Amino acid sequence: MPMRIRSRLGAAALGLALAFGAGAPAGAAEKLKLALSTWVGYGPLFIARDQGFFAKEGLEVDLVMMEDVKTRMPALAAGRVDVAVTTIDTVLGFSTAERPLTYLFAIDDSRGGDGIVARREITSVAGLKGRTVAYTEGSVSQFFLSVLLKDAGLTLADIETRNMTAGDAGAAFVAGRVDAAVTWEPWLSRGKATPHGAVLVDSASRPGLITDVMVTTVSTLEARRPALQALYRAWSAAVDWQKTHEAEADRIMAKGVGGWLEDPAVFAETRAGIAFYDAGMNRRFMDPANPDGILATITMAQSLGEAAGLFKAAAGPARMIATGVVAGVVD
């Protein structure tokens, strides 16, 4: 695990404490550049910005839209952004021995927002054997499918793959061009609404598997730990605020995230398929001792990703989990 920066006595430490505390003086905000994409689970970041939770923590956070993970993650590794959000499995494909990445805290968990739509006669994952299945190779959709196939005693070699984006996969299923598609909303609902389609399985059955996380480089964590701790506190405060101001929160988040989620009603409907991680959930999920936590997901993603030839992990799963950011997660 990354080494913890230890507190030192003296004026320098006192200055850092003031800079990142609630009493930070005006003009002393610590700047962070955070890369994200258009996704409902990232909405609380805009609450943190617009409701002043970043500012309260002495932060000025620039939320930069980078839709393509193949742009977002190299930008993180190269230091063009300080932190990024993506799924647990995706991080493994971009972490290298030269620029190792570390998981800071969990953002959201898919609880039905992702899944597989299939022809009605296919009633189990085992029934996908020999069928044409559309999904995005190298993505969280492949990871999700690989886990389900493994549980059914199958591998990707047992199906006919059609490499498509999640949206294109959903559209191909609706048009009847493939037997099944790994996709997300609104395509799960659209697929289910067709005469030939049904939701075979969704992510509600596997909590913790499709989870978005905040990630940074090990070097950034070591150099800027107080700022990243402040980022976590601001996120937690925004999630708590969302719980008690749902309608207003949906308006803020829809406007901030934008794109196909800019309508608050659409945002609220899509949000029903995910869960935002609050402080309590993060303490449990990020704890390496939790058998159902992040360590299990990283380990599974590493095993399946390496078997598929997607990457060779640069470090063991446990070493990739940051300590001292989420309260209660320590060495």
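**View 1. Strands β4 and β11 run antiparallel, joined by three bridges.** Strands here are DSSP runs of E with at least two residues, helices are runs of H or I with at least four, and both are numbered from the N terminus. Two strands count as paired if DSSP finds at least two bridges between them. Look for Ser 110, which stands opposite Ile 274 in β11. The model you are viewing is predicted: local features need pLDDT of at least 70 and side-chain atom pairs pLDDT 80 or more, while totals for chains, interfaces and linings use all residues. Residues are numbered from 1 along each chain as its sequence is written, and side-chain values use heavy atoms, with hydrogens and water left out.

**View 2. An open sheet of six strands has the order β2-β1-β3-β10-β4-β11, with mixed pairing.** At its edges are β2 (59-65) and β11 (274-276), each of which pairs on one side only. From one strand to the next, the twist averages 30°; axes are lines fitted to C-alpha atoms, for helices over the stretch in contact, and angles between N-to-C directions run from 0 to 180 degrees.

**View 3. Five strands make an open, mixed sheet in the order β7-β6-β8-β5-β9.** Because β7 (160-163) and β9 (197-202) stand at the edges with a single partner strand each, one side of each has no neighbour in the sheet. Here, too, you will find a twist that averages 30° from strand to strand. Strand β6 (residues 132-135) pairs with β7 in the parallel sense over four bridges, and Val 133 stands opposite Thr 161 in β7. Helix α7 (residues 166-174) packs on this sheet, touching β5 (114-119), β6, β8 (180-184) and β9. Contact means heavy atoms within 4.5 Å. The direction of α7 makes about 135° with that of β8.

**View 4. A cis peptide bond joins Glu 185 and Pro 186.** Its omega is about 10°. Pro 186 lies in the loop between β8 and α8 (187-192).

**View 5. The largest pocket has a volume of about 1100 Å³.** A pocket is an open set of points on a 1 Å grid over the protein atoms alone, where a 1.4 Å probe fits and protein lies on both sides within 12 Å along at least five of seven lines; lining residues have an atom within 4 Å of a point. Of the 39 lining residues, Val 69, Thr 90, Ser 139, Val 140 and Trp 184 are the closest to the centre. Helix α6 gives the largest share of the lining, five residues.

**View 6. Over residues 1-25, pLDDT stays under 50.** This score is the predictor's confidence in each residue, from 0 to 100. For the protein, the mean pLDDT is 90, and 91% of residues reach 70 or more.

Note on methods: Points joined across faces, edges and corners; volume = space filled by probe spheres on them.
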